[in-house]
Amino acid sequence: MSVDSLIIDFGKILLSNVTESVGVLAQNSTSKSSTRLLQPLWNLRLGREDFIASPLFPVFLSVSFYFSLCTPFMIADLLGSKLPWMQKYKIQPEKEVTLSQIFDTLNLTFWNHVLYVLPAAVGQWVWTPPTPLPELAPTFWEFVWQQVAALVVFDFQYYVWHWSHHKVRFLYKHIHAVHHRYHSPFVWVTQYLHPWELVTVGFLTTTNTWYFKCHPLTTWSYMLVSIIVSVEAHIGYEFPVAMHNWFPFGLVGGAPKHDMHHLKPMTNFQPFFNHWDKLFDTFCPFMKAGGIKTKALIDYERRHKEAKKNH
Ligand SMILES: [Zn+2]
Ligand SMILES: [Zn+2]
């Protein structure tokens, strides 16, 4: 047997092994994709890859989601007493949302988008490469735990940011006071923010998914979850189906807790969970739908009145 034919035979064996391996890999990937719960959702990207991979996609998704989520609540606020079934869930029922308040909040939201969100989006479009889109969806477990973990991290980061922007007079006066213009929150107050607060929240939300190397589907879902959490905190209604009513041990605050923060700004700094507020004694019990004071809130107010008298 000549050296040439040996090399050719070796080449053939190598090629057949490679072809086999590629086949096995493809088979594995197909069998993995068929067992992943989120694969049908992730497959919706097919045929739209250019748009989905564009750095503008997350901006488009979050901005359009924010406005679509807020608009029905604005309509409900404007209809007010014409929707008595909804009004009974209002946390501060005596406070009406007026057209001028809606105009004021939308005006700031609009300028924040034009002056800060739009240039950031253009910058991303120019300098950021397209998002790599893997074949496989994340596993359901990975999808859930990474979002919960990112939310827990954000919750702590914002607690610290929020606490310092209330405790340090300069920071409150020049930055966070903008958000506290309204003592009775309604949906557009969510992004009624000083640009620095808007940039901080945007930065923290974006970077938290980097720590966990999230799949793009997880990252975008987390972005939407963050919007839901922040909007829910400001709607001014407590619905029986609201998140804080599902979680045991008073783990989650929800709209009533943040409503109370706008009434008593030195309390309830944590945006989603309650543990840091309880641990550092900044927790204040809250009012329920219809402005009903819980026993915990009545006790809290009595204790604070007595403490003030004794000083
Ligand atoms: Zn707020
Ligand atoms: Zn605040």
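**Exercise 1. Does tryptophan 220 count as buried, exposed or partly exposed, given its C-beta neighbours inside 10 Å?**

Solution. The structure is a predicted model.
- Step 1: locate the residue. Tryptophan 220 belongs to helix α10.
- Step 2: take the neighbour count. Inside 10 Å, tryptophan 220 has 19 C-beta neighbours.
- Step 3: apply the cut-offs. A residue is buried with 20 or more other C-beta atoms within 10 Å and exposed with 12 or fewer. With 19 C-beta neighbours, tryptophan 220 therefore counts as partly exposed.
- Step 4: look at its partners. Once neighbours within four places in sequence are set aside, the contacts of tryptophan 220 are with Pro58 and Leu61. Proline 58 lies 162 residues away in sequence, yet the C-alpha to C-alpha separation from tryptophan 220 is 6.7 Å.

**Exercise 2. Describe how helix α10 packs against helix α11.**

Solution. Two packed helices are described by the angle between their axes and the distance between the axes.
- Step 1: read the geometry. Helix α10 (residues 216–234) and helix α11 (residues 254–263) meet at an angle of about 60°, and their axes are 7 Å apart.
- Step 2: classify the angle. Because of that angle, α10 is oblique to α11.
- Step 3: assign the hand. The crossing of α10 past α11 is right-handed.
- Step 4: list the contact. Glu232, Ala233 and His234 take part from α10, and Gly254, Ala255 and His258 from α11.
- Step 5: The contact of α10 with α11 comprises two nonpolar residues, three polar and one charged.

**Exercise 3. Repeat the analysis for helices α4 and α6.**

Solution. 
- Step 1: read the geometry. The axes of helix α4 (residues 56–79) and helix α6 (residues 99–127) are 10 Å apart, at an angle of about 170°.
- Step 2: classify the angle. Angles over 145 degrees count as roughly antiparallel, so α4 is roughly antiparallel to α6.
- Step 3: list the contact. On α4 the residues are Leu56, Val59, Val63 and Met74; on α6 they are Ile102, Val117, Ala121 and Trp125.

**Exercise 4. Summarise the fold content of the chain and state where confidence is lowest and highest.**

Solution. 
- Step 1: count the elements. The protein chain contains 13 helices and two strands.
- Step 2: consider burial and contact range. Of its 311 residues, 25% count as buried. Among contacts between residues at least 6 apart in sequence, 66% link residues at least 24 apart.
- Step 3: read the confidence. The average pLDDT is 89, and 89% of the residues score at least 70. Helix α1 (residues 3–35) has the lowest confidence, with a mean of 51, and helix α8 (residues 169–174) the highest, at 97.
- Step 4: Residues 21–26 have a pLDDT below 50 and, beyond near neighbours in sequence, zero contacts in the model.

Technical notes. Residues are numbered from 1 along each chain as its sequence is written. Chains are lettered from A and ligands numbered from 1 in the order in which they are written. This is a predicted model: local features need pLDDT of at least 70, side-chain atom pairs count only at pLDDT 80 or more; totals for chains, interfaces and linings use all residues. Axes are lines fitted to C-alpha atoms, for helices over the stretch in contact, and angles run from 0 to 180 degrees between N-to-C directions. Helices (H or I, at least four residues) and strands (E, at least two) are DSSP runs, numbered from the N terminus. Angles under 35 degrees count as roughly parallel, over 145 as roughly antiparallel, 65 to 115 as roughly perpendicular and the rest as oblique. A crossing is left-handed if the near helix is turned anticlockwise from the far one by less than a right angle, and right-handed if clockwise. Two residues are in contact if their C-beta atoms, placed from the backbone, lie within 7 Å. Ala, Val, Leu, Ile, Met, Phe, Trp, Tyr, Cys and Pro count as nonpolar, Asp, Glu, Lys and Arg as charged, and the others, Gly among them, as polar. pLDDT is the predictor's confidence in each residue, from 0 to 100.
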